[in-house]
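Below is a briefing on one protein model.

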Amino acid sequence: MSREGALLKNIAVLAIGTFLPKLATFVTLPILTGCLTKEDYGTYDLVIVLVSLFLPAVTLQIQTAAFRFLIDCRDDEKRCCGIISTIFVFAVTLSLVATVIFFFVWQESSTAVKALVCVYFILDIVAEISKQCIRGLGQNLKYSVSAIAGAVVQMALAVVLVLFMGLGFMGSLIALTGSELAIVFYLLFGTGIFRFISLRDCRINLLKELLSYSWPMVPNSMSMWVMRMSNRLLITMFMGVAANAVFAAAYKIPQLITLAQSTFTMAWQESASLTAGDDDKETYYTHMHGLVFDFLAGSAALLIGICPALFALLVRGDYGEGLAQVPILIVGNLFYGMSAYIGGIYVAFLKTKSVGVTTIIAAVINVVIDLTFIPLIGLYAASLALLVSYLFLWVYRMLNVQKFQPMGLDWNRYVVVVLVLVAMVALGQCGDFVPRLANALLGVLVFCVLCRETIASIFKVAVAKIKG
C-alpha cells in the first residue's frame with residue numbers, strides 16, 4: 001500500500017476514535033449547560049483543565065515515548081514488553097504518589113469530590129498510556145474502539161445522572177470517570193496489553209532512554225496547556241467563574257477544527273516517522289502540508305459561516321455573548337493544526353527539544369496578551385491571545401524546520417487565504433441577518449474551492465469501493 005493510502009486508511013480508522021468522543025462532548029454540552037449552574041459548569045471545566053495540566057508533569061510525558069519507540073520494534077516482542085512494562089510501572093507509581101499528595105493538600109472540596117477527581121486522574125493516565133501503546137503497536141482500530149466505548153459511557157451517564165437524576169456537578173464527574181474506566185478496561189483486557197506488563201521486564205537503562213526522548217515534551221505540553229487553558233484561569237481570576245463558563249462554551253465549536261487536526265496528526269506522526277528515511281521525503285512532506293492547509297482552512301471557513309446556527313443548536317442557557325468569540329477561536333485552531341503538522345516532522349526526526357522550545361515561546365506570548373488585555377477587553381483578549389500565539393507557533397516552526405528538513409512553502413497562498421478568513425471573522429462580529437448569510441455563503445464557497453482535491457479523492461475512493 002502507498003504512503004498516501006496507508007495514511008488515509010489510518011485517518012479513516014482514527015477518525016472514528018476521535019469523532020465519537022467529540023460527539024459525546026456535543027451531546028452532553030446542552031445537558032451540562034442546561035442543568036448545571038454557570039459556577040458548577042465552570043468548575044467542571046476547570047477540573048478537566050487541571051487534569052490535562054498535571055498529567056504531563058507527573059508522567060514526564062513518557063507515554064509519548066511509547067508510541068514513538070514501539071513503532072520501531074513492532075516485531076520484537078521482548079523489546080515491546082520492556083518498553084510497555086517500564087512505562088506503566090514508572091507512570092502509575094508517580095501518579096499514585098501525586099494523587100495522595102493532592103488529596104490531602106486540596107481542602108476546598110468535599111471528600112467525595114476529591115476522591116472522584118483523584119480516581120479520574122489515575123484512570124486518565126492509564127488510559128493515555130494504553131492508547132499510545134496500542135497506536136505504537138499499529139492497532140489503530142482497537143484505539144478507536146476504546147474511544148467509542150468511552151464516548152458511549154459518558155453520554156449514557158450524563159443523560160441518566162445529570163439530566164434525569166439531577167445529580168448536577170457530582171453526576172458530571174461520575175460520567176467523566178466512568179468514561180475513562182471503560183477505556184482502561186477495554187484497552188488493558190480487551191486488547192491484551194496487560195500481557196506485556198511485568199515487573200521483571202522493567203529496565204533502568206531503558207527508562208533513561210525513554211525519558212531522554214520524552215522529558216523535553218513536558219515543557220511543550222505545559223506550554224501548550226498554557227496556550228489552551230491558562231486563558232480559563234486568567235478569565236476566572238479577572239472576570240469570575242461565570243465568564244469562564246461562557247468562554248468554555250464558546251470554545252466547543254472551534255474544537256471541531258481540533259477534531260479534524262487531531263485525527264490527522266495521530267495518523268501523520270506514524271506516516272512521517274516511517275517516511276523519515278526515504279529519499280523523496282521533502283516532496284512528500286511539502287505536498288502533505290499543502291493538502292492539510294487547504295482542508296483545515298476550508299473547514300475553518302465553513303465553520304465560521306455556520307457557527308451562529310451551531311451555537312444556537314448546541315448551547316443552552318445564558319451564553320450568547322460567547323458567540324462573538326467563536327470565529328476568532330476557529331482561526332486560532334487552524335493555526336494550531338498547522339503547527340501540529342510541523343510538530344509531526346519534529347517527532348519523526350526525534351527533535352523533541354525543538355518542539356518544546358517553540359511552544360514555550362508561543363505560551364509566553366499568550367500569557368502576556370492575556371495579562372495585558374483581559375482587564376481591558378475581556379473575553380476578546382483570551383481569544384486573540386490564542387490566535388496570535390498559534391499563528392506565531394505555525395510560522396516559527398515552518399521557518400525552523402527548514403534547518404533539518406527543507407520544504408517548499410507557498411507563502412503567498414497562505415497570506416491570501418488567511419486574509420479571507422480574517423474578513424469572515426470581522427463579518428462574524430455582526431449580529432444582523434444579511435452579514436451572517438453572506439458569511440455562510442462565503443464559507444461554503446471557500447470550503448469548496450480549497451477542499452476540491454480532497455473531496456474529489458474521497459469521491460473516487462468511495463466509487464471504487466462501491467464498484468469493487
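The side chains of Q63 and T59 are joined by a polar contact of 3.0 Å. A polar contact is a pair of N or O atoms within 3.5 Å; within protein, one must be able to donate a hydrogen and the other to accept it, and residues adjacent in sequence count only if both atoms are side-chain atoms. This is a predicted model: local features need pLDDT of at least 70, side-chain atom pairs count only at pLDDT 80 or more, and totals for chains, interfaces and linings use all residues. Residues are numbered from 1 along each chain as its sequence is written, and side-chain values use heavy atoms, with hydrogens and water left out.

**Around Q63**
- Q63 sits in helix α3, residues 62-71. Helices (H or I, at least four residues) and strands (E, at least two) are DSSP runs, numbered from the N terminus.
- Q63 is buried, at 3% relative accessibility. Buried means under 20% relative accessible area, exposed means over 50%, and partly exposed lies in between (1.4 Å probe, protein chains only).
- Leaving aside neighbours within four places in sequence, Q63 contacts L55, E128, I129 and Q132. Contact means heavy atoms within 4.5 Å.

**Around T358**
- T358 belongs to helix α14, which spans residues 352-377.
- T358 has a relative accessible area of 1% and is buried.
- Its side chain makes a polar contact of 3.0 Å with the side chain of R397.
- Beyond neighbours within four places in sequence, T358 is in contact with Y346, F392, L393, Y396 and R397.

**Around Y285**
- Y285 lies in helix α12, residues 281-314.
- Y285 is buried, with a relative accessible area of 0%.
- Y285 and M407 are 122 residues apart along the chain, yet their C-alpha atoms are separated by 7.0 Å.

**The two sides of α8**
- Helix α8 covers residues 204-214; L206, L207, L210, L211, Y213 and S214 are buried there.
- Seen down the axis of α8, these buried residues fall within an arc of 155 degrees, so they line one face of the helix. The arc is that of the directions from the helix axis to the C-beta atoms.
- I204, N205 and K208, on the other side of α8, are exposed.

**Nonpolar core**
- The largest nonpolar core has 126 residues. Such a core is a set of buried Ala, Val, Leu, Ile, Met, Phe, Trp, Tyr and Cys residues joined through side-chain atoms within 4.5 Å.
- Y41, L70 and L421 have the most contacts inside this core.
- Not counting residues up to four places away in sequence, L70 touches A65, C80, I83, I84, C133, G136 and L137.
- In soluble globular proteins, nonpolar side chains tend to be buried together.

**Cysteines**
- The count of disulfides (pairs of cysteine sulfur atoms within 2.5 Å) is 0.
- C81 is in no disulfide; the nearest cysteine sulfur, that of C80, is 7.1 Å away.
- C81 counts as buried, at 11% relative accessibility.
- C118 is buried too, with a relative accessible area of 8%.

**Whole protein**
- The protein has 18 helices and 0 strands.
- Of its 468 residues, 54% count as buried.
- Among contacts between residues at least 6 apart in sequence, 83% join residues at least 24 apart.
- The protein exposes about 19,700 Å², and carbon and sulfur atoms supply 70% of it. Accessible areas come from the Shrake-Rupley method with a 1.4 Å probe; for residues, only the protein chains shown count as cover.
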